[in-house]
Amino acid sequence: MDKRLGNFLGAATLVLTAVSLWMVFAWVPTEAEQGIVQRIFYFHVPLAWVAFASFAIVAVAGIFYLWLGGQIWDDLGYAAAEIGMLFCTLMMVTGSLWAKPIWGTWWTWDSRLTTSFVLWLLYGGYLIMRAMLEESEQVARFAAVVGIVAALDVPVVIVSVRLWRTIHPAVLVTRQGGHGLEDPRMVVTLLVSITAFTLMFAWLLMTRLAVLRARTRSIELAKAIAMAEFRAGRA
Amino acid sequence: MTAFVAVLSKDLRLELRSGMSTIAMVALAMLVLVVLVFALNPGVARGPEAAAGALWIALVFAGMLGASRALLAENENACIRALLMSPIDRATLFAAKLAAAAIFMMVALAAGVVLTVLFFNLNFSGALVRLAPILVLGVIGFAALATLLAAISGRARGGELLLPLLIVPLFVPALIAGVRAAGAALSGAPMATARDWIGILIAFDVLFVTAGYLLFEHVIGEE
Amino acid sequence: MLPPAVETRALGKSFGLVPVLLDVDLRVASGRAAVIIGGNGAGKSTLLAILAGVSAPSSGNALIFGQESHRLAADTRRNIAMLSHHSFLYPNLTALENLEFYASLYGVRNPHDAAYEWLTRVGLANFAGERVRRFSRGMEQRLAAARAMIAAPMLLLLDEPFGALDSAGVAIMTDLIRTELARGCAVVASAHAPMKFDGVDLDQYEIRRGRLIPLSDHAEPPRASRLRALLGRQNQ
């Protein structure tokens, strides 16, 4: 069942990504104001959506882990954090690539880029914490707590950064990008792209989760073997 | 409630006797301010806005040093185990440790304010009265995060890196709001302009004190 | 009928892959003393940590006064005390302050008076105002004992109680244990070798490769059934 779902997701991702690429590069009309560069938007927005959604998954998985127990919740949280980090990095990279031609600098502290940077730092802290505490029996609980706290922080970050950047606008004008899609083809392209990236995320998440669950199972087996040897070696 | 008072007064008494944490925090705050003064040109780094920024930088760095010590001091003689075995609620223990950390930080920050006024060409005036509640809000939020996360970072080898790594991104909203509010207070602007920022600080504090209160039991304890 | 102070059922504890305790069935009623014998690293301290409620079992359960050990209510924790090679004392507080602190924490009425009373009982009244960091090891242990007893526990967990005591300390400790048992307190103590107490009936066990094996004059198979444990203990 898992495998079939995985294969279906993989196939669907492939198909939709191909369609999306065609749409972005060949079909959708060029935006008047920003020119060709604007097409990055069709990648950047879905990446952003997934990066934030993934964080929510990390937090919810954490809540379920603390509430119900069960290693699967921890594995889900870890997988979501890893994939989320990937998408978050790509979001920042695409944001930066977009900024350069428009504003002439590789980075600007406008509200969206700033928020995505903070998100990236939160992901990074979570992953480093997991790496440092790998041997601890309690790493799953710690990760759940950190994930929840970080997710609670995200809305406050968004609000405070937006307030900051509107009161103190950067030297460069805050981009409006993303809204005011005149042509319906742009809307369609965006929606297809969002779907494609969401499927890609789901597929990657499933795959990664399968790996982590296999690892969990092998650890359980190792424990069972150690236990059996312990029992047998001493009657 | 008695347990909260007992733990808090015990921590305050210990700190009064040795003063290690507070002295270290004051020293670090001062060093941070000194570095800023020399690193930034006098033309740039004077006045209320710069002072506000400097003060919050000092808060973050001194806070990281001191806030975790309130919790980790219990590791001596395994007193933490005695606390865990005692009837005290884990959440109450969090509240007590948070309060202790916040008090130490505020004492250190008071010294920091004095130095900031001197270094950044400000006046000892009513502005400081308006500044105080803003710093208190910042300290509470920071102490809440630090107390919660110190329990985690204390477990890791090389955990001294982990605490700042986790806290700094989490603290960003309070930092943004706090510096702007402090700047408004120090420059004599009417506090109405800083209303949104103060609102963010309050929301931040409520959020993370509550989160810490509820989640602390999951991070404290032995294997 | 009140639940026994300690009842473990097939209690197991592993650290990572390594099992330390396995299928431990232990029952200690009020007023009884159980002695757990074993070498270094046998799992004695691990077992006591589980009974204290600070370490969670990996399998099976440990019931302290009928409650799961890792989810004890505050009222139950009030009745449990531990003595180990950690002193649980704050070096920069005085002897009196240490006792007062723990007394308040445990809801003892008049913590100040209770603290003084116990300082006298362990022969440290003259050092009430001295900071613990200046205490000798023997004094520290006596104070630690006072700390444990001050809230009148009903379950006393002793991790190698006679470990580094001088003869005066041993006498005080023995006396305390006897008094507590007479009060109806249950005692679980760990040791390197079997103990002997005049006039006190001890249930001795040994931890051998993770298993708890009752030692007694009667021949007992290594894995006593729970029923036999229930009946057998009463008759010893």
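## A walk through a predicted model

Among the elements of chain A, helix α1 (residues 2-27) of chain A has the lowest mean pLDDT, 88, while helix α2 (residues 41-68) of chain A has the highest, 94. Here pLDDT is the predictor's confidence in each residue, from 0 to 100, and helices (H or I, at least four residues) and strands (E, at least two) are DSSP runs numbered from the N terminus. This is a predicted model, in which local features need pLDDT of at least 70 and side-chain atom pairs count only at pLDDT 80 or more, although totals for chains, interfaces and linings use all residues. Residues are numbered from 1 along each chain as its sequence is written, and chains are lettered from A and ligands numbered from 1 in the order in which they are written. The model as a whole scores ipTM 0.92 and pTM 0.90.

Chain A contains six helices and zero strands, and its C-alpha trace spans about 80 × 40 × 25 Å along the principal axes. Of its 235 residues, 39% count as buried, a residue being buried if 20 or more other C-beta atoms lie within 10 Å of its own, exposed if 12 or fewer, and partly exposed in between, with C-beta atoms placed from the backbone. Two residues are in contact if their C-beta atoms, placed from the backbone, lie within 7 Å; of the contacts in chain A with a separation of 6 or more, 81% are between residues 24 or more positions apart. The mean pLDDT of chain A is 87, and 92% of its residues reach 70 or more, but over residues 170-178 of chain A the pLDDT stays under 50. Where pLDDT is low, the predicted coordinates should not be read in detail.

We turn next to the nonpolar core, a set of buried Ala, Val, Leu, Ile, Met, Phe, Trp, Tyr and Cys residues joined through C-beta atoms within 7 Å. The largest one has 230 residues, and those with the most contacts inside it are Met105(B), Ala143(B), Ile150(C) and Val188(C). Its largest share, 17 residues, comes from helix α7 (residues 159-186) of chain B. Leaving aside residues up to four places away in sequence, Ile150(C) touches several residues, among them Leu99(C), Tyr102(C) and Trp118(C).

Chain C also holds an open sheet of six strands, in the order β6-β7-β8-β3-β9-β10 (chain C), with mixed pairing; two strands pair if DSSP finds at least two bridges between them. The edge strands, each of which pairs on one side only, are β6 (80-83) and β10 (211-215) of chain C. Strand β9 (residues 202-208) of chain C is joined to β10(C) by five bridges, and the two run antiparallel, with Gln204(C) standing opposite Leu215(C) in β10(C).

Most residues other than glycine have a negative phi. Against that background, Arg209(C), in the loop between β9 and β10 of chain C, has a positive phi near 50°. Is Arg209(C) buried, exposed or partly exposed? Because 16 other C-beta atoms lie within 10 Å, Arg209(C) is partly exposed. Phe65(C), found in the loop between β4 (59-64) and β5 (67-68) of chain C, likewise has a positive phi near 50°, but Phe65(C) counts as buried because it has 21 C-beta neighbours inside 10 Å.
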